[in-house]
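Have a look at the structure first, and then we'll walk through it.

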Amino acid sequence: MSVQTTTTPAAVALAVGKAFDGRSVLEGLDVTVARGEFVALLGASGSGKTTLLRILAGIEAPTTGEVLVPEVRTVVYQEPRLVASMRVWRNVVIGLPNASATRALAVDALREVGLDDHADAWPGTLSGGEAQRVALARALVRQPKLLLLDEPFAALDALTRLRMQDLVAHLCARHRPGVLLVTHDVEEAVVLADRVLVLREGRISVDLPVDLPRPRRIGGPAFDALRDRFLGELGVHREAATSSD
Amino acid sequence: MTQVAAPGVMTAPEPGSGTAPPDGLVRLGPDSAPARRRRFSFALRLVIPVAVFLLWWFLTGTHVIPATALSTPRATWDSFTYLYNRQDLVGDVGVSVRRAALGLALGAGVGTALGIIVGLYRLGEELLDAPMQMLRMVPYPALIFLFIIWFGVGETGKVLFIGLATLFPMYLNTSNGVRNVDRRVVEAARSFGLQGRRLVRQVVVPLAMPSILTGLRFAAGISVIALVFTESIGANQGIGYLVAQANSLDQIPVLVVCVIIYAILGIAADLLVRLLERYAMPWRRHSAVR
């Protein structure tokens, strides 16, 4: 199904299956993310999209199958997950070898997310959007070949979410990691991704490239057609959605 | 200063409050309460101790409480100056503080280490938790005679006794705190490559610090209690020795002096831990409710 067979992949999932207590969540999943490619993975709640991401991150092991992922891969979680007892800049370089975990490196990364003046703040003093930007800086500072985004905008307010989406689009275009964005927001997926996958009943049911010019905005006939296609795949039908407005 | 007007009733704007808010709205200004509270805070802390002192003065001065039960403030003060000038009160306090501090350091150190191991590792919990829970339930004063038989009446036995008594509050609070560290944060730190001793030192221990310091506060209190026990038997110096002496000679004023010294030691230990809290948890200074 994938058209990226000729380019070097940033991540590959081969026949990945995962069961929790005998309940199967993923069934023989094949997914490829090319280098520099931005892939969005859509799915309803409980469809197993976060499970796939955690397997790619190496936090969880698949029950069957295997994944091929780069050594340097990072995650931005739905919540910031900063260590409350470390100042912002130390959170950014957490886990790096001591020699390279410098303040200068952290401040550079924080500058990219517009928070270099918060380097010495405690995480507890940040707003939700700021904390999530620190989490993004923490993920980008080690120049990952694979960036895993687990609904990173879901807990943000609508305005902050739009700004964060722009920031992520900008930074991914600049650093070109392979990206897997897990989300249930169809418009977010269409705005950000080069390719959208839909996960349904443990399998990839749709795998479509998004050939819209960048920078993208929500709306327009081509955008709407794609969005409706994905929504329909997720069981939300456009006619029903508009009539309820 | 906000005023909530009844619907339809105009309230006169307060001087200096600018224009009146539109209908149905109230103006909420900056809160003036914190500044006022801070100024009175110290005075408020003294209210009850001063009241107790006055009550003591009144009840003993009017002989409602006879001198055979409780000495007057005057007699207590005289007894204090006598102990201070004619006997080695400062030396006694010094010996006692040293015993309590050494015992506390020993018990708190071992208790924290065991708590971290048990909180962090399954094997540690399986091996250590049950024996610790059993030992914890043994009332430590019951062990004092055994300690004298094993270690004699010297300093070693006393310090070990206080160490044992302070071990358990430290252990319980630390293991509990480590167990309750946000697993999602630990998982995130692990996924960013932090592991082993660095993970413990940089993430687990700091995040468990509130519990660890609660344990230390308990342990500090218990160290003074254990001190009394261990100094009442087989000691020839220290405040506990003074208590035992005064008790056998029926010297009420000396007993009262010792009780006051214990109370002062208690509040000093508590202040020390509070200070440590500010130093050890700087991230809570900004986000704590108070």
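Arg81(A) sits in the loop of chain A between β5 (73-76) and α2 (88-92); helices (H or I, at least four residues) and strands (E, at least two) are DSSP runs, numbered from the N terminus. This is a predicted model, where local features need pLDDT of at least 70, side-chain atom pairs count only at pLDDT 80 or more, and totals for chains, interfaces and linings use all residues. Residues are numbered from 1 along each chain as its sequence is written, chains are lettered from A and ligands numbered from 1 in the order in which they are written, and side-chain values use heavy atoms, with hydrogens and water left out.

What is the phi of Arg81(A)? Its value is near 55 degrees, which is positive in a residue other than glycine. Ala15(A), found in strand β1 (residues 9-20) of chain A, also has a positive phi, near 45 degrees.

Over in the loop between β9 (203-209) and α7 (221-233) of chain A you'll find Pro215(A). For context, most residues other than glycine have a negative phi, and most peptide bonds are trans.

Now for accessibility: buried means under 20% relative accessible area, exposed over 50%, and partly exposed in between (1.4 Å probe, protein chains only).

| Residue | Relative accessibility | Class |
|---|---|---|
| Ala15(A) | 40% | partly exposed |
| Arg81(A) | 12% | buried |
| Cys172(A) | 7% | buried |
| Cys258(B) | 1% | buried |

And how many disulfides are there over all chains? The count is zero, taking a disulfide as a pair of cysteine sulfur atoms within 2.5 Å.
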